[in-house]
Amino acid sequence: MSLPHITREYRIPKPTGIHNLTLTSAPIPALKGSEVLIKVHAVSLQYRDLNVVTDTYPQWQKENPVPGSDCAGEIVALGADVSRAHWGIGDRVSSAFGIQHVFGEATEEKKNSGLGGPVDGVLTEYKVLPEHALVRVPEHLSYEEAATLPCAAVTAYNALMGGPNPLKGGDVVLVQGTGGVSIFGLQLAAASGATVIVTSSSDEKLKLAKKLGATHTVNYKTTPNWDEEALKITGGVGVDHILEVGGPGTLMQSANAISYGGTISIIGYLAGQDRGDAVAALPIKMLSKAIVMRGIIIGSRVLYENMNRLISAVKMHPVIDRVFAFEDLRQAYEYLESQKHVGKIVVKVSKD
């Protein structure tokens, strides 16, 4: 097979909106010794991708980046120093979200190696990646399914398993919403023997959550005091883990719903950031209940590999809402922005 020299890729020349996603062509860089060339088959989108294209990403991003952080594809070329005992042509692989985040907690250097922001991302037909960032794709997953894992799934797994109080069978987990991280949190927690409570404003989405393993569901539109409902479900004890995606708008309710010594994992701020008044009493609440509060910055390659062992063991399949063609990327972003999806939005890059 002759290797390509040119790749089609998306760029963001001006981060002022989805309309600036621009399909262009670029030469494929020559491989360094420890690098591999990936033929990208599929890419999944994150809320972060909207931040990058609208210049609202709270961290540094490079000028005119290739967007996208999560892909799955096959190895089509190996650098001279890549271990042939471990990797070969045709291997199905993904990449850690931060290509320098191999193990341990995040650092500034690891954070600045995130694909699709500080570093050119994966919305391209061919991608050069370092060998140490590669993760083998679970055998039972398609490329589209595997592309959903690097950010949302690893974030959920890190929240549940990566902190000082790892999830145990029989724990109670509360998951906010039905977006990518939340659905993975539900699936991973249920697969680990937890009782899962899911909140949403949509009864239809809550029906799907039940099918995926949720034990209890709460519509926060009809039951705005969902924290009190969680306490009622747990007999007043509170839940052991909360995947907090709302931010300041929901944080005090999470602190009320959590058990003594429980863990709140801060993942997002979908309920808004300008609610400083709403969390004024949070320090006292944390102190009085010995709450563990932990910010989640995705996770390492090693954590990703650990998660894949669980996914493979239970034959878990990610939830994909819609798949878009590579040429229809703007429509995919618009659908992501609409927040109508449950689970993940995927872009099919390769035609074969």
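Tutor: Before we start, contact here means heavy atoms within 4.5 Å, and please keep in mind that this is a predicted model.

Student: Okay, which residues in α4 meet α5?

Tutor: From α4, the residues L149, A152, A153, T155, A156, Y157 and L160 take part, and they meet G180, V181, F184, G185, L188 and A189 in α5. The residues of this contact divide into 10 nonpolar and 3 polar, with no charged ones.

Student: And at what angle do the axes of α4 and α5 cross?

Tutor: The axes of α4 and α5, the latter covering residues 180-191, cross at roughly 55 degrees and come within 8 Å. Angles from 65 to 115 degrees would count as roughly perpendicular and those under 35 as roughly parallel, so α4 and α5 are oblique to each other. Their crossing is right-handed.

Student: Switching to the sheet, what's the strand order?

Tutor: The order is β10-β9-β8-β11-β12-β13, which makes an open sheet of 6 strands with parallel pairing. At its edges stand β10 (216-219) and β13 (292-295), and because each has a single partner strand, one side of each is left without a neighbour in the sheet.

Student: How many bridges do β8 and β9 have?

Tutor: Strand β8, residues 172-176, pairs with strand β9, residues 195-200, over 5 bridges in the parallel sense, and V173 has V196 in β9 as its bridge partner.

Student: Which strands does helix α7 touch?

Tutor: Helix α7, residues 226-233, packs on the sheet and touches β8, β9, β10 and β11, while helix α4, residues 149-161, lies across β8, β11, β12 and β13.

Conventions
Residues are numbered from 1 along each chain as its sequence is written. This is a predicted model: local features need pLDDT of at least 70, side-chain atom pairs count only at pLDDT 80 or more; totals for chains, interfaces and linings use all residues. Side-chain values use heavy atoms; hydrogens and water are left out. Two strands pair if DSSP finds at least two bridges between them. Helices (H or I, at least four residues) and strands (E, at least two) are DSSP runs, numbered from the N terminus. Axes are lines fitted to C-alpha atoms, for helices over the stretch in contact, and angles run from 0 to 180 degrees between N-to-C directions. Angles under 35 degrees count as roughly parallel, over 145 as roughly antiparallel, 65 to 115 as roughly perpendicular and the rest as oblique. A crossing is left-handed if the near helix is turned anticlockwise from the far one by less than a right angle, and right-handed if clockwise. Ala, Val, Leu, Ile, Met, Phe, Trp, Tyr, Cys and Pro count as nonpolar, Asp, Glu, Lys and Arg as charged, and the others, Gly among them, as polar.
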